[in-house]
Amino acid sequence: MTARRLSSAVLAAAAIVGAVALPASAADHGRPERPKVEISAVQYDSPGWDDRSRRSLNKEWVELTNTSRRTVNLDGWTLTNEDGDTYTFDGYRLEGRATVRIHTGEGRDSDSDLYMDRRAYVWDNYSDTATLRNDHGRFIDDASWGGRHHRGGHHH
């Protein structure tokens, strides 16, 4: 084989490999990542005595995690139990790869902790479902525990 033919064959092979590899790398960068928020943990039975104190109420919580890199605006999103008790997010933005804990009781909201400002427990200790919906009422995620839950939600 001559040097010219050999170099032509190498260039042709490189062009084929490049053409095959290009769509794969373009697919990796072509579509923006979709934000994903999920219920990552639930503490439905606050440790210690259930005495309705601020401390006890705030030991009952639900955690949400944004598993994407993009900030998600949770304004108008809701977190609801099976009895219909609802917490509505007001002007809160969850940073990418961040977690926020929503406490039942009263407190001062921060980037990592939000408070429902309730004076009674929200999550049933024996059986309940926490449901997260976006500002259009669309189902995002849920977490169930105990034996009474109705839907096929996952357990955390």
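Mentor: Arg-97 sits in the loop between β6 (93-94) and β7 (99-103). Keep in mind that this is a predicted model.

Trainee: What is the phi of Arg-97?

Mentor: Arg-97 isn't a glycine, yet its phi is positive, about 60°.

Trainee: And is Arg-97 buried or exposed?

Mentor: Exposed means over 50% relative accessible area. Arg-97 has 52%, so it counts as exposed.

Trainee: Which loop holds Arg-52?

Mentor: Look between β1 (37-43) and α2 (54-58) and you'll find Arg-52 in that loop. Arg-52 is a residue other than glycine with a positive phi, near 60°. Its relative accessibility is 53%, so Arg-52 is exposed.

Trainee: Now a strand, please. Where does Thr-65 lie?

Mentor: Thr-65 belongs to strand β2, which covers residues 61-66.

Trainee: Why does Thr-65 count as buried?

Mentor: The cut-off for buried is under 20% relative accessible area. Thr-65 counts as buried because its value is 16%.

Trainee: Which residues does Thr-65 touch, leaving out those up to four places away in sequence?

Mentor: On one side of the numbering there are Lys-36, Val-37, Glu-38 and Ser-40; then come Leu-94, Ala-98 and Thr-99. With Thr-99 there's also a polar contact between the side chains, at 2.8 Å.

Trainee: How far apart are the C-alpha atoms of Thr-65 and Arg-101?

Mentor: Those C-alpha atoms are separated by 8.9 Å, while the two residues are 36 residues apart along the chain.

Methods. Residues are numbered from 1 along each chain as its sequence is written. This is a predicted model: local features need pLDDT of at least 70, side-chain atom pairs count only at pLDDT 80 or more; totals for chains, interfaces and linings use all residues. Side-chain values use heavy atoms; hydrogens and water are left out. Helices (H or I, at least four residues) and strands (E, at least two) are DSSP runs, numbered from the N terminus. Buried means under 20% relative accessible area, exposed over 50%, partly exposed in between (1.4 Å probe, protein chains only). Contact means heavy atoms within 4.5 Å. A polar contact is a pair of N or O atoms within 3.5 Å; within protein, one must be able to donate a hydrogen and the other to accept it, and residues adjacent in sequence count only if both atoms are side-chain atoms.
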